[in-house]
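Here is a short report on one model. Have the sequence and the coordinates open while reading.

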Amino acid sequence: MSLHIYNTLTRRKELFVPLHPPQVGMYVCGVTVYDYCHLGHARALVNFDVIYRYLKSRGYQVNYVRNYTDVDDKIIKRSQEEGIPWNEVSRKYIAAFDEDMTALGNTQPTFEPKATDYIPDMQKIVKILIDKKLAYKAGEDIFYSVRKQKGYGKLSGKKIDELEAGARVEIHEGKKDPLDFCLWKSSKPGEPLWSSPWGDGRPGWHIECSAMSMKHLGETFDIHGGGRDLAFPHHENEIAQSEGATGKPFARFWIHNGFVNINAEKMSKSLGNFLTIRDLLKNYPAEVLRYFILSAHYRSPLDYTDQNMQASGQSLDRWYSTLERIQRACGKNKKPILSDAEKKLAEKVSRLDKDCEEAMDDDFNTAKVFGLLFDLIRDFNKVLDDQKELCGSLCHLFIDATKRIHDVLGLFGSDPARYLGMMKEKTLTQSGLTPERIGQEIEKRNSARKNKNWVEADRIRQLLLQSGVQLKDNPDGTTTWSVGSGKSI
RNA sequence: GGCGCGGUAGCCAAGUGGUAAGGCAGAGGUCUGCAAAACCUCUACACGUCGGUUCAAUUCCGACCCGCGCCUCCA
């Protein structure tokens with residue numbers, strides 16, 4: 001099996017072969033840093049992080065470039081609202097973005113260029129486009145001439161004339177065609193500016209990505225990604241200006257992720273129906289959020305509901321509870337020979353790498369990987385119901401395989417004790433209970449139990465349960481407690 | 001209006017030309033004083049509708065219905 005990726009450009013899955021194996025160049029549109037990131041951003045960023053990790057695990061040397069757009073109308077607007085300089089705004093939200101990425105468990109791209117560091121590169125492209133008569137000056141601004149570019153619309157499947165029928169494009173008095181887009185924008189007083197052969201100003205929205213991607217990855221590179229909503233006009237325009245300037249194909253594979261919906265509507269800034277990453281992390285562990293994002297295929301819509309989030313938390317609980325159980329069964333094991341049940345299990349575990357690779361090779365099917373893992377978990381539980389110990393070799397086989405999956409998904413790799421402990425802490429904080437207090441209640445209950453005062457015993461159990469604490473009476477007479485998780489109580 | 005994506009059991013979600021992973025929720029069972037966890041069983045005659053191709057379609061083709069998105073800044 002070999003990696004197949006759905007390419008927006010051709011609208012089908014294609015065999016992925018890099019231009020210069022084993023090197024892979026991948027550019028992903030980052031964010032405009034004028035506000036905190038929301039769940040929609042999180043989805044894109046997590047999806048591409050997983051793609052990056054998977055390509056690396058496949059043996060590719062990936063050059064992953066993800067930009068910050070740090071100059072833009074919205075940043076200027078925000079700086080006026082907050083009364084701080086525009087570059088303070090971008091600095092602040094870049095820092096916030098980095099925090100969010102770390103919290104989500106995303107690995108760092110190879111390069112994270114800022115648009116403002118590439119102004120000369122952008123100007124170089126604009127100059128070439130003007131020289132080639134693909135761009136023109138209108139008033140103080142420079143525009144790209146869409147009709148001069150053969151194949152404009154090939155990514156989004158749009159035709160220029162049909163677009164104009166839509167008539168929602170911005171009118172600018174100097175534009176030769178309503179669809180022409182800005183390459184260089186003159187500055188108004190008080191706005192950030194850079195000098196250029198065409199007067200003081202700043203870059204248009206699309207040119208930065210052409211400049212940064214080609215600078216780091218070359219004129220033609222392997223993968224360009226982003227959210228679906230960037231396909232048009234952003235990516236379409238990137239293609240036009242880049243290919244116009246170089247005369248060579250720009251990105252070979254275009255990957256676009258689907259949206260996060262909330263109440264069956266796209267989550268977006270303009271609709272105002274968004275949840276920021278940091279707010280979500282107050283209610284849910286980061287791993288639950290990541291699990292939720294990866295539980296659907298990256299191109300499908302993903303519906304945010306509390307119920308779905310809780311289900312993700314429950315699944316993860318199940319995973320870590322079993323993992324802890326496996327670890328415990330391993331710890332005391334000296335048994336060198338596999339039982340029949342273990343043999344079967346070991347065979348299945350041995351196939352895990354191959355099965356996961358097959359799933360991921362099919363356009364990064366993370367949901368399928370989840371299925372494989374939980375299937376295995378059930379088998380382990382079944383075996384552990386019958387025997388207290390597991391053969392060490394089986395444990396190691398499983399733990400190693402799990403580690404490789406963690407390397408790709410950034411999931412399922414926490415220390416179970418730590419994960420479950422964190423869930424405990426979270427529940428306790430929310431309920432105001434302490435371990436000491438719970439210990440006292442357990443003691444009270446146990447003396448009630450000794451006297452066969454079941455009413456009192458059950459009352460205490462019920463009381464703790466209301467705070468999310470579940471008691472478990474073990475066969476050896478001890479009582480331990482745990483918490484349900486993934487839920488905001 | 002143009003273009004695109006999707007409609008799989010109560011919910012979420014994979015997948016396949018020969019009746020379909022996994023998770024969550026619910027019910028029953030084993031276990032337990034009762035529970036919890038785990039396992040087993042059930043919920044499950046689940047594949048939007050109607051046609052067509054085929055020995056056989058949920059899977060391919062067509063039409064239609066519904067939902068969503070892009071066409072304006074947006075991951």
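## Conventions

Helices (H or I, at least four residues) and strands (E, at least two) are DSSP runs, numbered from the N terminus. By that rule, lysine 452 is found in the loop between helix H15 (435-450) and helix H16 (454-466).

This is a predicted model: local features need pLDDT of at least 70, side-chain atom pairs count only at pLDDT 80 or more, and totals for chains, interfaces and linings use all residues. Residues are numbered from 1 along each chain as its sequence is written, while chains are lettered from A and ligands numbered from 1 in the order in which they are written.

## Backbone exceptions

Most residues other than glycine have a negative phi, and most peptide bonds are trans. Lysine 452 is not a glycine, yet its phi is positive, about 55°. Is lysine 452 buried or exposed? A residue is buried if 20 or more other C-beta atoms lie within 10 Å of its own, exposed if 12 or fewer, and partly exposed in between; C-beta atoms are placed from the backbone. Lysine 452 has 9 C-beta neighbours inside 10 Å, so it counts as exposed.

Phenylalanine 364 also has a positive phi, about 60°, although it is not a glycine. Its place is the loop between helix H11 (340-361) and helix H12 (366-386). Phenylalanine 364 counts as buried because it has 27 C-beta neighbours inside 10 Å.

Two peptide bonds are cis. One joins proline 21 and proline 22, with omega about 0°. Proline 22 sits in the loop between strand S2 (12-15) and strand S3 (23-32). The other runs from phenylalanine 232 to proline 233, with omega near 0°. Proline 233 belongs to helix H7 (residues 231-246).

## The parallel sheet

Which strands make up the open sheet, and in what order? There are 4 strands, in the order S4-S3-S9-S10, and the pairing is parallel. Two strands pair if DSSP finds at least two bridges between them. The edge strands are S4 and strand S10 (251-257), each pairing on one side only. From one strand to the next, the twist averages 20°. Axes here are lines fitted to C-alpha atoms, for helices over the stretch in contact, and angles run from 0 to 180 degrees between N-to-C directions.

Now take the pairs in turn. S3 and strand S4 (residues 61-69) run parallel and share 8 bridges. Threonine 32 stands opposite threonine 69 there. S3 is joined to strand S9 (residues 221-227) by 3 bridges, again parallel. Methionine 26 has isoleucine 223 of S9 as its bridge partner. Isoleucine 223 in turn stands opposite phenylalanine 253 in S10. S9 and S10 run parallel, with 6 bridges. S3 is largely enclosed by the rest of the structure, because 9 of its 10 residues are buried.

## Helices around the sheet

S3, helix H1 (residues 39-57) and S4 make a right-handed β-α-β unit. A crossover is right-handed if, with the strands pointing away from the viewer, the path from the first strand over the helix to the second runs clockwise. Helix H6 (residues 207-217) lies across S3, S4 and S9, at about 155° to S4.

H1 also packs against helix H13 (residues 392-409), at an angle of about 130° and with the axes 7 Å apart. The two helices are therefore oblique to each other (under 35 degrees is roughly parallel, over 145 roughly antiparallel, 65 to 115 roughly perpendicular, the rest oblique). H1 contributes Val50, Arg53, Tyr54 and Ser57 to the contact, and H13 contributes Asp407, Val408 and Leu409. Residues are in contact if their C-beta atoms, placed from the backbone, lie within 7 Å. The contact residues divide into 4 nonpolar, 1 polar and 2 charged. Ala, Val, Leu, Ile, Met, Phe, Trp, Tyr, Cys and Pro count as nonpolar, Asp, Glu, Lys and Arg as charged, and the others, Gly among them, as polar.

## Helix H9 and leucine 294

Why is H9 described as largely enclosed by the rest of the structure? Because 8 of its 9 residues are buried. Among them are Glu287, Arg290 and Tyr291.

Leucine 294 lies in helix H9 (residues 286-294). It counts as buried, with 24 C-beta neighbours inside 10 Å. Neighbours within four places in sequence aside, leucine 294 is in contact with Val46, Val50, Thr366, Leu409 and Leu411. Leucine 294 and phenylalanine 364 are 70 residues apart in sequence, but 9.9 Å apart in space, C-alpha to C-alpha.

Notes. Contact = placed C-beta atoms within 7 Å.
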